[in-house]
Amino acid sequence: MTSRRTLIRALGFVIAACLLTPAFAAAAVPKTKAEHIAIAEKYERIAADQEAVAAEHAQMLKDYRANAARYPKQVREKRIAAMKKHCTAIIRDSKRLAADYRAMAKWHRIAAADLDDGDRE
């Protein structure tokens, strides 16, 4: 029940932040080749950032396992399991986000290629 409440609060915070952020409110649909390319480049940077997060957590999990012996035996497996759950979820989600952002970057590059410089569609 607590995790459900936490999730609902987090979702409410994200929605409120999006609605109150001027950048979100001012987001415009790209109309030119240059605008599509700029968005594609932005999405590629975000994808690279997400891949870095995934790599960071893969290394964190590896390091944690390598240093697990410093924890008392009675809690070692529990701590490793908790860290594995944390890191694998972040790795999975970050890789999924990176793939989604790369797909959207590709889409915007295709959209840019479909437009002539003078086109407004």
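Me: How many aromatic pairs does the structure hold?
Reply: This is a predicted model, and the structure holds two aromatic pairs. In one of them, the rings of Y43 and Y101 have their centres 5.4 Å apart.

Me: Is the pair of Y43 and Y101 stacked, edge-to-face or tilted?
Reply: The ring planes of Y43 and Y101 stand at 55 degrees, so the pair is tilted. Stacked would require planes under 30 degrees apart, and edge-to-face over 60.

Me: Where in the chain are Y43 and Y101?
Reply: Y43 belongs to helix α3 and Y101 to helix α4. The two are 58 residues apart, and the pair links distant parts of the chain.

Me: Why does Y43 count as partly exposed, and what about Y101?
Reply: Buried means under 20% relative accessible area and exposed over 50%. Y43 has 22%, so this residue falls in between. Y101 has 26% relative accessibility and therefore also counts as partly exposed.

Me: Changing topic to charges: how many salt bridges does a search of the whole structure find?
Reply: The search finds four salt bridges. One of them joins the side chains of E44 and R109, with an N to O distance of 3.0 Å.

Me: Which helices hold E44 and R109?
Reply: E44 is in helix α3 and R109 is in helix α4. E44 is partly exposed at a relative accessible area of 27%, and R109 is partly exposed at 33%.

Me: What is the N to O distance between R102 and E51?
Reply: The side chains of R102 and E51 meet in a salt bridge at 2.9 Å. R102 lies in helix α4 and E51 in helix α3, so the pair ties together parts that are 51 residues apart in sequence. R102 is partly exposed, with a relative accessible area of 34%, and E51 is partly exposed at 38%.

Me: And R92, which residue does its side chain meet?
Reply: R92 forms a salt bridge with D93, at 3.2 Å from N to O. Salt bridges that share partners also bring in R96, joining R92, D93 and R96 into one network. The relative accessible area of R92 is 44%, which makes this residue partly exposed. D93 counts as partly exposed too, at 32%.

Me: Now the helices themselves. What distance does α3 reach from its first C-alpha to its last?
Reply: Helix α3 covers residues 33–66, 34 residues in total, and reaches 49 Å. That is close to the 50 Å expected at 1.5 Å a residue.

Me: How far apart are the end C-alpha atoms of α4?
Reply: They are 61 Å apart. The 42 residues of α4 should span 62 Å at 1.5 Å a residue, so the two values agree.

Me: Which residues of α3 are buried, and what covers them?
Reply: The buried residues of α3 are H36, A40, A47, Q50, A54, H57, L61 and Y64. Their cover includes α4, residues 73–114.

Me: What do the buried residues of α4 pack against?
Reply: They pack against α3. Among the buried residues of α4 are I80, M83, C87, I91 and S94, together with A98, A105 and H108.

Terms used
Residues are numbered from 1 along each chain as its sequence is written. This is a predicted model: local features need pLDDT of at least 70, side-chain atom pairs count only at pLDDT 80 or more; totals for chains, interfaces and linings use all residues. Side-chain values use heavy atoms; hydrogens and water are left out. Helices (H or I, at least four residues) and strands (E, at least two) are DSSP runs, numbered from the N terminus. The expected span of a helix is 1.5 Å times one less than its number of residues. Buried means under 20% relative accessible area, exposed over 50%, partly exposed in between (1.4 Å probe, protein chains only). Contact means heavy atoms within 4.5 Å. Rings of Phe, Tyr and Trp (its six-membered ring) pair if their centres lie within 6.5 Å; planes under 30 degrees apart count as stacked, over 60 as edge-to-face and the rest as tilted.
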